[in-house]
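Trainee: Please take one part of this protein and go through it closely. I would like to see how that part sits among its neighbours.

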Amino acid sequence: MILILIGPPGSGKGTQAKFISDRFNIPHISTGDMFRQAMRDGTELGKKANEYMEHGNLVPDDVTVALVEDRIRCEDCNAGFLLDGFPRTIPQASALDKMLERNNRVLTKVILFTVSDDILVKRLSGRRTCRSCGKISHVSQGINNKLDKCPACGQEVFQRDDDKPEAIINRLAVYKKSTEPLIDYYKRKVLEILADGPIDEIKTRMAEDLENIG
Ligand code: AMP
């Protein structure tokens, strides 16, 4: 089972990805998480990615494609995998096609999350990330300054540069320009999920739809 999740930033892809990855017992591969981990580790990749990420721009295709190619070669991907946040451009999608073809593998489905822009802006601007474990929380959970603690591990939370207002506007524009064309590219494989309600409702809706592809 090879799945791709596509959706604007803030559409809840990361949250639902964990559920899908458990349901099908396939690894969850998030390029955003991989770049953030590289930044925390202070690697060259992390430094390079940060230059783009802090403004809400995309990391160049060659860097991103190489990262994914390495990751899906790992043994835990033999039975399939779930890509979250990749591909994000047509060149990345065609690079993925070639990787899959070379290994005689076939993409199962593309899950598309759709949400209105005003909900996305509210979700993203209230988002906080744990400096230590990376868990995401929201100011509506009572975490509203950097002295507040992560609900999972008790460490400090902060607002990602790319969750600040100018970067959010840019990320949504980048999504529309570079990523939305993928909906047409993958047309016949797309399963659309309306993702603008509470997390549990979306999860239930998605679980029903996923039964048909499992
Ligand atoms: P995400 O956590 O998926 O919203 O990703 C956060 C940021 O990481 C994005 O705004 C980009 O700067 C970078 N990024 C993640 N995935 C990709 C990708 N497939 N192509 C280029 N940049 C990416």
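Mentor: Take strand β3, residues 81-84, which is covered on both faces: Phe81 and Leu83 on one side are buried, and so are Leu82 and Asp84 on the other. Buried here means under 20% relative accessible area, with exposed over 50% and partly exposed in between (1.4 Å probe, protein chains only). Strands are DSSP runs of E with at least two residues, and helices are runs of H or I with at least four, each numbered from the N terminus. The model is predicted: local features need pLDDT of at least 70, side-chain atom pairs count only at pLDDT 80 or more, and totals for chains, interfaces and linings use all residues. Residues are numbered from 1 along each chain as its sequence is written, and side-chain values use heavy atoms, leaving out hydrogens and water.

Now the partners of β3. Strand β1, residues 2-6, pairs with β3 in the parallel sense over four bridges; two strands pair if DSSP finds at least two bridges between them. Within this pairing, Leu5 stands opposite Asp84. Strand β2, residues 28-30, also pairs with β3 in the parallel sense, over three bridges, and His28 stands opposite Leu82. Asp84 and Leu82, which face these two residues, are buried on one side of β3.

As for the setting, the protein has nine helices and eight strands. Of its 214 residues, 43% count as buried. Among contacts (heavy atoms within 4.5 Å) between residues at least 6 apart in sequence, 70% join residues at least 24 apart. The C-alpha atoms fill a box of roughly 50 × 40 × 30 Å along the principal axes.
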